[in-house]
Amino acid sequence: MRRFIPEILLFFALAGPAAAHPALYHYLEINLFDAGEVPVYVTFHAPELIEGVVTPEDDLYGREWLATRDDATLAGLVENADLFAGEVFAFQFAEREVAPDFVYPDFATIRRPPPGSVVPDGCFSGAAMLPYTRGETALMIAFSATAQKRLMLIINRPAAFPEVIDLEPGEQYVLALPEAPLQAGAVWGIAAVLLSLILILVLALIGWRRGLFSLRKNPTLAK
Amino acid sequence: MKTISGFFVVMLASAASLYAQLPAGIQFEKGPLNAVTIEKAGQRLVIYGGGAPGADQVLMTHVRRDSTEFARLAAGKTGKVVAPASVADFLDYPSAHWTAWWEKRFDYYDQQVTRLPISPLAVAHPVAGGDTFAGPGGLELRVLETPGYTREGITYLLELEGKKIAFSGDLILAGGRVPDLYSFQDAIPEAKIGGYHGYGGRLGQLVSSLETLAAEKPDLIVPLRGDLITDPQGDITELITRVRAIYANYLSTNALNWYFKEERLTAAGRLVLGPEAEVELMDYSEHVDLPDWCKHLGTTKLLLADDGSGFVLDCGGPGPLADLRKALAAGLVTRIEGIFVTHTHNDHSAAVADAAKEFNCPVYAVAEVADVLENPGAWFLPGTSANAVEKVTVLADGEKLPWKNYEFTAHFFPGQMFNHGALLVERSDHAPVFFIGDSFSPSGIDDYCLMNRNLMREDTGFFLCFKKVRGLPEGSWMVNQHIPHLFRFTPARLELLEQRYRERIELINALTLWDDPNYAIDERWASFYPYGQTLAPGATGKLELRVWNHSVRDREIRVKLHLPSGVTAARSEAVLTLPARRHGSMTFPLSIADNAEPGIKVITADIASDDFDLKQWAEALVKIE
């Protein structure tokens, strides 16, 4: 979690996921750069998060719409985004289901993404980190049948072109994961076992040497 | 064979009998826009416009440039204007719109008709549906909310001499028709569809408005244009039937079914076709994964050569550009050697200029795309990026461009938009792949935005695309820039698409009074070039009016400019004769006065021919610095 926050903040500050056309597809982007954790980024097309029927006069699809929303409206949009992500995406490592805790940019960033941002007009992003452990070799991403449009799932790996998977609502994808490094607890456990073994060996060696020494002092026992 | 005479100008022999059905107290004068006057107790009520300036009260049903100027003339300086409340602020200060429009016209995806007034008009009495108000001499008028042709449309109901008369503006024309189809383009919030994808987006509202109007059982409807409607119930039924047929046809071949799926398109369909209607959608054609040599990066496709170099199709924004940079940095591609731009929408073109500079590579496009890329401000089209490309190498239709282990063939491909190309990509180890931009998806035709100019003519538009797809080498695939798949239509599927498209032409032909349906779908059939230009005080410039004669007969087109203060033209009137199905232009040299006020000025033009007279139809922007 300590590494996660700066990474997400940097992500929001510099770029955001590159959703090409948010009206046509949902976008879920996954970076497989560090084994043991899967950062996932969802691009939310804000006009689709509004509850109820709104009028076209609101110019919802204009570039300025998000920029001119007040805090209360943005808070509502973020809340709906979170609900939406929870309903539409499901993540599972083998038998372990995970519920991502998405974090969102602050309202100022949602209104005016920074220069260099690749977040399209009318959109904002949410990001979550899904840590996994050694032995969890795949992540299943399920895309709800109620999603109302297709999903562009983009997998980024080091030194490779992004892998792009086009999913229909109701489909799922199983993503093979790089092997997670041993966790800190596990490392300490192994270290403790090793230390114990060494200690036993040392003690055994000492005991053996003492035994040998007493035999030398009393050779008759050696028979 | 229908007649369009009577739509705008020419009086029909039977007109006298039609007008006789009006109460004696109503004076009706048919013209390019119909004038209605009711005099009562020494006061004059004007509906739409007409008569001498200084009417006591002038009723407007909606706001278009021609109808507003018509009302303004009737109101003079003293008349009280009644207009929809939703547009009162706009009418009060339209220059705010035009000033903002200088920038807003770029990257524009709201797709609303731009024929809006330029000068302010004070609205004395803003009204909304359900209001009743008193007209001159104690006349009682009632307001119905009747959006459809426009967002703000209202209808005035008046009972006079035992007859209930509806004044509904452009909501419905005689015979169950409307002035055009493109005006209905709008967002469909119920289906979460934006304005750009909202073909016929207000047809649902039209149907509801017509049903509301029918429930009032008017004896007569007096539209803004054309003949009186003497059989309101019959014409309303006819119009509802027509728009339902068009919309069902549109949905049945719609590319959006690939993206939005059944739920959304059914929701959109039922707004027009009825709450229980079955919505027919086309299933998906054969599609497979992209080959390894083609990478999908947002709306960019990157083709990789055997030597590791790359050729790019489209670069729509910072995302794909960043992906290309990363690929270069990681050594996944050694260099970018060229960019072909399929079409001018910003999600395909916004970063082309930046990419060309950064990668020091040429940009290629067909001529119809190239000029928009180089001079974006000269065009008004959906989603035009202001980020101009310095130099575009024009590839002729059919021109071959060998590159590494590939052979490319450029095509003019007026599918999703008129300013659109395609690239046939051939290499020895794979079936040919036709990169068709955004023109088709595995579920059909990308024709959801009429402002893209999807001309419905045998010699161009989607018919030309169908012809080119049929002419592809056997086994060829197609690729849409948004979709990471190869796909192809079977001959039967192509046949069906073409057949449905032909059926829709006939349906649209019956919907409007134009002599060719392309006038009803092509908002830009008469338009200025450049759409926007910047000139300094004392400078000279020029303005070209480009006209497409979609008719299958020769036309003489008469043009009259309306110039704002500070702008003069060497001539303000011109005549152009165009053969059938040809397009041409006329040029107007402009001069800016030395003392011209800085700001955004709007030039408009009346466009007339033997059977239409369209006031202040086309517009151009001049920014005086």
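Analyst: Here is a short tour, starting with the ground rules.
Analyst: This is a predicted model, where local features need pLDDT of at least 70, side-chain atom pairs count only at pLDDT 80 or more, and totals for chains, interfaces and linings use all residues. Residues are numbered from 1 along each chain as its sequence is written, chains are lettered from A and ligands numbered from 1 in the order in which they are written, and side-chain values use heavy atoms, with hydrogens and water left out.

User: OK. How many helices and strands does chain A have?
Analyst: Chain A has four helices and nine strands. Helices (H or I, at least four residues) and strands (E, at least two) are DSSP runs, numbered from the N terminus. Their order along chain A is α-β-β-α-β-β-α-β-β-β-β-β-α.

User: And what share of chain A is buried?
Analyst: Of its 223 residues, 44% count as buried. Buried means under 20% relative accessible area, exposed means over 50%, and partly exposed is in between (1.4 Å probe, protein chains only).

User: Switching to chain B. At what angle do helix 8 and helix 10 of chain B pack?
Analyst: About 20 degrees, with the axes of helix 8 (residues 318-329) and helix 10 (residues 352-359) of chain B 10 Å apart. Axes are lines fitted to C-alpha atoms, for helices over the stretch in contact, and angles run from 0 to 180 degrees between N-to-C directions.

User: Parallel or antiparallel?
Analyst: Helix 8 and helix 10 of chain B are roughly parallel. Angles under 35 degrees count as roughly parallel, over 145 as roughly antiparallel, 65 to 115 as roughly perpendicular and the rest as oblique.

User: Which residues meet there?
Analyst: Helix 8 of chain B brings Leu321(B), Leu324(B), Arg325(B) and Leu328(B). Helix 10 of chain B brings Asp354(B), Ala355(B), Glu358(B) and Phe359(B). Contact means heavy atoms within 4.5 Å.

User: What about helix 6 and helix 13 of chain B, parallel or antiparallel?
Analyst: Helix 6 and helix 13 of chain B are roughly antiparallel. The axes of helix 6 (residues 232-252) and helix 13 (residues 491-511) of chain B come within 10 Å and cross at roughly 155 degrees. Residues in this contact include Leu239(B) and Ile246(B) from helix 6 of chain B, and Leu507(B) and Ile508(B) from helix 13 of chain B.

User: Now the core. Which residues touch the most other members of the largest nonpolar core?
Analyst: Leu181(B), Tyr247(B), Phe440(B), Trp525(B) and Ile607(B), in a core of 116 residues. A nonpolar core is a set of buried Ala, Val, Leu, Ile, Met, Phe, Trp, Tyr and Cys residues joined through side-chain atoms within 4.5 Å. Leaving aside neighbours within four places in sequence, the contacts of Ile607(B) include Trp525(B), Leu545(B) and Phe612(B). A second, separate core has 50 residues, Phe359(B) among them.

User: Where is the cis peptide bond?
Analyst: From Tyr529(B) to Pro530(B), with omega near 0 degrees. Pro530(B) lies in the loop between strand 27 (526-529) and strand 28 (532-535) of chain B.
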